[in-house]
Amino acid sequence: MNPKLLGIASLMLGGVVLWSSPVTQAEQEGGTRAQVLAILKKLETIEPFRCTSVATVIRPEGKGAPPLRSVSTQIWQKGPYFRSEPVGSKEGMLINRPEGFFIYSEAENGYTQTPDFAKEAILQGFKLPPNNATGVERIWADALESPDLQIIGTEAIDGKEATVISYTTSPLGVGRDDIKLWLWNEKGLMLKEEKTTSMNDNVIGTEITEWKDFVFEEIPDSLFEVPQDQIQKLPEDWHP
């Protein structure tokens with residue numbers, strides 16, 4: 001697998017504030033998870049849509065990487081079908097279909113199909129709207145099962161009312177991600193995410209992703225097609 005494509009996939013994986021006080025511990029135990037899940041459940045009946053995401057990574061000075069970089073991505077979603085494509089390039093284009101998850105390489109003019117275990121991790125990483133195989137509670141387990149999940153307020157983004165939540169997770173069992181997320185009340189979709197990654201109490205970087213320019217309309221199936229003669233499958237025992 002081309003490490004550059006994995007890096008692109010990881011990065012894409014892109015008004016008036018009416019704040020309320022953070023919920024108490026008793027309120028959290030009694031209903032925060034249920035409230036968040038009720039919003040996310042709307043993803044189960046989401047209509048086809050397209051949008052644009054902008055992901056910006058900010059790294060502290062002296063971390064051996066550029067301090068700031070952004071990637072804009074076009075996104076199409078139709079039931080279990082998903083496609084993301086960097087604006088201005090097809091390098092690192094991602095297509096999800098019921099039979100697999102595919103990453104496109106312009107240099108190789110072909111697609112790499114990930115093993116099933118990697119597909120599951122990618123779906124969770126992208127927080128894709130669920131399909132028949134993977135439901136909301138599984139896709140969003142890191143947030144819903146986080147012991148410090150909180151609803152911290154509401155905010156209007158581009159006229160869309162959103163519930164703002166926060167939680168922490170340790171996706172690889174080491175380090176820590178502090179996440180603040182804006183969920184669109186009407187649709188259950190993400191409008192904004194701020195994720196700060198730390199290792200041994202040192203901040204590695206912050207990634208801010210915004211989803212905008214939503215259009216809900218029918219999308220042709222051809223947009224999610226993957227030519228069979230351009231597919232290279234990774235072995236099931238492959239690990240990044």
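Author: Let us begin with surface patches. A nonpolar patch joins nonpolar side chains within 5 Å, taken from residues with over 30% relative accessible area and no salt bridge. Please keep in mind that this is a predicted model.

Reader: Which residues make a nonpolar surface patch here?

Author: Val174, Met199 and Ile204 make such a patch, of about 230 Å². Of these, Met199 belongs to strand 11, which covers residues 190-199.

Reader: How is Thr163 to be read, and why is Thr163 called buried?

Author: Buried means under 20% relative accessible area. Thr163 is buried because its relative accessible area is 9%. Thr163 is part of strand 9, residues 160-169. Its side chain forms a polar contact with the side chain of Asn185, at 2.7 Å. Leaving aside residues up to four places away in sequence, Thr163 touches Ile39, Ile151, Gly153, Leu181, Trp182, Leu183 and Asn185.

Reader: Which residues have the most contacts inside the largest nonpolar core?

Author: They are Val36, Leu40, Trp140, Ile165, Leu183 and Phe214, in a core of 33 residues. Strand 10, residues 176-184, gives the most to this core, with five residues. A second, separate core has 10 residues, including Met93, Phe102, Leu223 and Val226.

Reader: What does Phe214 touch?

Author: Beyond residues up to four places away in sequence, Phe214 touches several residues, among them Phe49, Cys51, Trp184 and Leu191.

Technical notes: Residues numbered from 1 in each chain as written. Predicted model: local features only at pLDDT ≥ 70, side-chain atom pairs only at ≥ 80, totals over all residues. Heavy atoms only, no water. Helix = DSSP H or I, 4+ residues; strand = E, 2+ residues; numbered from the N terminus. Buried < 20%, exposed > 50% of the residue type's maximum accessible area, 1.4 Å probe, protein only. Polar contact = N/O pair within 3.5 Å; in protein donor to acceptor, adjacent residues only side chain to side chain. Contact = heavy atoms within 4.5 Å. Patch = residues over 30% accessible without salt bridge, like charges linked within 9 Å, V, L, I, M, F, W, Y side chains within 5 Å. Areas by Shrake-Rupley, 256 points an atom, 1.4 Å probe, with all protein chains shown as cover. Salt bridge = Lys/Arg side-chain N within 4 Å of Asp/Glu carboxyl O. Core = buried A, V, L, I, M, F, W, Y, C linked by side-chain atoms within 4.5 Å.
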